[in-house]
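Here's a quick briefing on the model below. Have a look at it first, then run through the notes by topic.

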Amino acid sequence: CETTLVVDDFTLTERKAKATVAQNKDELVADGDFSKLEAGGLGFGPTWSFANIGGTKIVGEVAEEKGGRFFRIAMNKNTTNYESAQLWQTLNLEKGVRYEVSCRLRWDSHEEGAGNPIVNLGMYHEDTNTWYGPIDQNLNKSKEWETYKFVHIPADGGKWKLYVQLNGWGNFGNQLTVSCDDFSCKPAR
């Protein structure tokens, strides 16, 4: 049914809150540098998974360069708004713990004068169907590896999906190749 909602006079107040101390203080991402995976395609694995959503044209693979491995995602020009592909790993997070999440991304297909592409980066909680983090991450105008970080404090404990997703939507039909490496998720010290 048709609905109109009017909202006004928002207030944001800072409050001190006692931090939840993590029971597991270790790195939670397994094989964050892809060193244990063989170069080539990746489907559903014990650590990392990759899948297309709404099509099969976006390609993901473990790549190797100068003795190091990383994950590369590529989509062709004119990829539709309804196509995307996602790289993810499921992590077990504790409610209320402050996690520092980071990874390195490289805009492999960067060309001078090109508009900034969008890569989805974040945490997803399937039980509540909620996304957290920067979500639409604009990449810096560079062909170099750049570190992207965010803080995540789970509202619920349990399984969370750390993911990077490349979408036709938001990239305006442009060809785009992005590489990912050195994922980390650990409690803040």
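**Buried rings and the rest**

Phe 183 is buried, at a relative accessible area of 5% (buried means under 20%, exposed over 50%, partly exposed in between, with a 1.4 Å probe and protein chains only). This is a predicted model, so local features need pLDDT of at least 70 and side-chain atom pairs count only at pLDDT 80 or more, while totals for chains, interfaces and linings use all residues. Residues are numbered from 1 along each chain as its sequence is written, and side-chain values use heavy atoms, with hydrogens and water left out.

**Aromatic pairs**

- The structure has eight aromatic pairs (rings of Phe, Tyr and Trp, the last by its six-membered ring, pair if their centres lie within 6.5 Å; planes under 30 degrees apart count as stacked, over 60 as edge-to-face and the rest as tilted).
- One of them is the tilted pair of Trp 48 and Phe 183, with 4.8 Å centre to centre and 55° between the planes.
- That pair links distant parts of the chain: Trp 48 is in the loop between β1 (40-41) and β2 (49-53), and Phe 183 is in strand β11 (residues 176-187), 135 residues apart.
- Trp 48 is buried too, with a relative accessible area of 0%.
- Tyr 124 and Trp 131 have ring centres 4.9 Å apart and planes at 40°, so this pair is tilted.
- Tyr 124 counts as buried at 13% relative accessibility, whereas Trp 131 counts as partly exposed at 47%.
- Phe 34, Trp 48, Phe 50, Phe 71 and Phe 183 make up one aromatic cluster.

**Charges over rings**

- Arg 106 has its charged end over the ring of Phe 70, 5.2 Å from the ring centre (the test is NZ of Lys or CZ of Arg within 6 Å of the ring centre and within 35 degrees of the ring normal).
- Lys 161 does likewise with Trp 88: its charged end sits over the ring, 4.5 Å from the centre.

**Pocket**

- The largest pocket holds about 240 Å³ of space (a volume is the space filled by probe spheres set on grid points, which are joined across faces, edges and corners).
- A pocket here is an open set of points on a 1 Å grid over the protein atoms alone, where a 1.4 Å probe fits, with protein on both sides within 12 Å along at least five of seven lines; lining residues have an atom within 4 Å of a point.
- Its lining has 14 residues, and Trp 107, Ala 114, Gly 115, Asn 174 and Gln 175 lie nearest the centre.
- By class, that lining splits into five nonpolar, seven polar and two charged residues (Ala, Val, Leu, Ile, Met, Phe, Trp, Tyr, Cys and Pro count as nonpolar, Asp, Glu, Lys and Arg as charged, and the others, Gly among them, as polar).

**Fold and overall dimensions**

- The chain has eleven strands and zero helices (DSSP runs: H or I of at least four residues for helices, E of at least two for strands, numbered from the N terminus).
- Along the principal axes, the C-alpha trace spans about 45 × 45 × 30 Å.
- Of the 189 residues in the chain, 42% count as buried.

**Positive phi**

- Asp 9 has a positive phi, near 55°, and is a residue other than glycine.
- Asp 9 lies in the segment before β1 and is exposed, with a relative accessible area of 64%.
- Asn 129 also has a positive phi, near 50°.
- Asn 129 sits in the loop between β7 (118-125) and β8 (130-138) and is partly exposed, with a relative accessible area of 47%.
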